[in-house]
Amino acid sequence: MFSTRKFLCLAVITLIVLLVMLIRDLQNKCESEKNNARSLKLLSIIYVITPTYARLEQKAELTRFSHTLLHVPNIHWIVIEDSPEKTVLVQNFLNRTRIHSTHLYVATPSEYKMNLTDPYWLKPRGVLQRNAALDWLRNNTSPDDDGVVYFADDDNTYSLQIFEEMRNTTKVSIWPVGLVAGLRYERPKVTNGKVTGWYVLWKPDRPFATDMAGFAIHLNLIHQHPEAKFSNTFAVGQQESTFLTLFNLTLDDLEPKANMCTQILVWHTRTVRSNTPYEKAMVKLYGADAYPNIEI
C-alpha cells in the first residue's frame, strides 16, 4: 500500500512539473510573439510599387516575385495593372498570397503602348501605373507616416538584403543595379561616403543616372512634393533622373547603400518572351476539351 501511494505521489509531482514547464513554455512563446509584433511595428513599412501587364509570363513572374516578398517583413505591395479594369488573373493571384497588398489599374493610351517589334527602350512602361500608386499613397497615408517607397518591376531579381538596406532611408537611398544597359552593372560613384557621380555609359551627365530598381524614397518626400510624377513625355531613358529632380535633391542628399555601392543586390533581369506557335495544332490533334484554355 505504501509503495502504491509513493508511486501516485511521484506521478502527481511529475505531472505538476510537466504542467509548470508547459505553462512557462507557452508564456515564453507568447512573450516572444509579442516582442516580434513590437519589433515589426518599429520597422518602417516598405511600399513596393509594381506595374504589371497581361502576357503569357505575367503570372509566373508575379509568383516568383511574391515568393521573395513573402520573406520581407512589414511590406505593402501595390500592384497596378495596365488595363481598363482589374483582371481575374491578378485579382485571384493577390487573394491567394499572404502579402498585404493593394490592387489598382489604369490603362496606358494606345499611342504610348509598345508594339511587339519595338526595341525595349523605345517607350517607357508603367508610367501611368506608377503614378496611380503615388496618388494612392498620397491619399491613403499621412506625411507623418514612417515608410519607404520602392519601384520594383515584376521581372527583376531581388536579394532580400536590398529591402533591409532601404528600410532606414531618410530621404533617398541608392545602390548599384546588375545586368542593365548592356553592362554587367551600373553604380553610383561614392567618395568618402558621399555620392559624387555615376559609373554609367549612357548619358553619364544625367543628374541622377540610376535605374528604376536602384533607389528608394522616404514616404514623407512623396507627400512634400505632390507634383512629383512620371510622364510619357520625359526624354527617352530619363524617367528615373527626371522624376528625382522633381524632389529638389542634390547628390549630397543621396544615401549610398550596398556597402557604399560596391555590392550588387538587385538585377535587371528580363524573361524571354514565350513563343507558342503550336497551340492550334494541339487543339486540332486532341480537341478543345482535351486541351482547354487553362490559366497559366
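User: Why is Asp154 called buried?

Analyst: Its relative accessible area is 5%. Buried means under 20%, exposed over 50%, and partly exposed in between, with a 1.4 Å probe and protein chains only. Asp154 falls under the 20% cut-off, so Asp154 is buried. This is a predicted model: local features need pLDDT of at least 70, side-chain atom pairs count only at pLDDT 80 or more, and totals for chains, interfaces and linings use all residues. Residues are numbered from 1 along each chain as its sequence is written, and side-chain values use heavy atoms, with hydrogens and water left out.

User: What makes the pair Asp154 and Thr52 a polar contact?

Analyst: Their side chains come to 3.0 Å. A polar contact is a pair of N or O atoms within 3.5 Å; within protein, one must be able to donate a hydrogen and the other to accept it, and residues adjacent in sequence count only if both atoms are side-chain atoms. The 3.0 Å value is within the 3.5 Å limit, so the pair meets the distance rule.

User: Which residues does Asp154 touch, and where does Asp154 lie?

Analyst: Leaving out residues up to four places away in sequence, Asp154 touches Thr50, Pro51, Thr52, Arg55, Glu61, Leu62 and Phe65. Contact means heavy atoms within 4.5 Å. Asp154 sits in the loop between strand 4 (147–151) and strand 5 (157–158). Helices (H or I, at least four residues) and strands (E, at least two) are DSSP runs, numbered from the N terminus.

User: What does UniProt list for "binding site"?

Analyst: An unreviewed UniProt entry lists residues including Thr52, Asp154 and His268. UniProt positions are given in the numbering used here, feature names are shortened, and annotations may be inferred rather than shown by experiment.

User: How do you know whether His268 is buried or exposed?

Analyst: His268 has 13% relative accessibility, so it counts as buried. His268 lies in the loop between strand 12 (266–267) and helix 9. Its contacts beyond four places in sequence are Asn156, Val177, Gly178, Leu179, Val180 and Asp211.

User: Where does UniProt place the "active site"?

Analyst: The unreviewed entry puts it at Glu240. Glu240 lies in helix 7 (residues 239–245). With a relative accessible area of 12%, Glu240 is buried. Beyond four places in sequence, Glu240 touches Thr210, Asp211, Met212 and Phe215. The Glu240 side chain reaches the backbone nitrogen of Met212 at 3.0 Å.

User: Why is helix 9 said to lie largely in the open?

Analyst: Helix 9 (residues 279–286) has 8 residues, and the number buried is 0, so it lies largely in the open. Gly287 follows helix 9, with a positive phi near 90 degrees.

User: What makes phi of Asn248 and phi of Met260 worth a look?

Analyst: Most residues other than glycine have a negative phi, and most peptide bonds are trans. Phi of Asn248 is positive, near 55 degrees. Phi of Met260 is also positive, near 55 degrees. Asn248 is in the loop between helix 7 and strand 11 (254–256). At 61% relative accessibility, Asn248 counts as exposed. Met260 lies in helix 8 (residues 258–261). Met260 has a relative accessible area of 40%, so it is partly exposed.

User: How many cavities are counted, and what makes a space a cavity?

Analyst: The count is 1 cavity of 30 Å³ or more. On a 1 Å grid over the protein atoms alone, a cavity is a set of points where a 1.4 Å probe fits but cannot get out, and a pocket is an open set with protein on both sides within 12 Å along at least five of seven lines; lining residues have an atom within 4 Å of a point. Grid points are joined across faces, edges and corners, and a volume is the space filled by probe spheres set on the points. The largest cavity holds about 50 Å³.

User: Which residues line the largest cavity, and how do they divide?

Analyst: Among them are Trp175, Arg187, Trp198 and Asp211. Strand 8 (residues 183–191) gives the most, with 3 residues. The lining divides into 6 nonpolar, 1 polar and 3 charged. Ala, Val, Leu, Ile, Met, Phe, Trp, Tyr, Cys and Pro count as nonpolar, Asp, Glu, Lys and Arg as charged, and the others, Gly among them, as polar.
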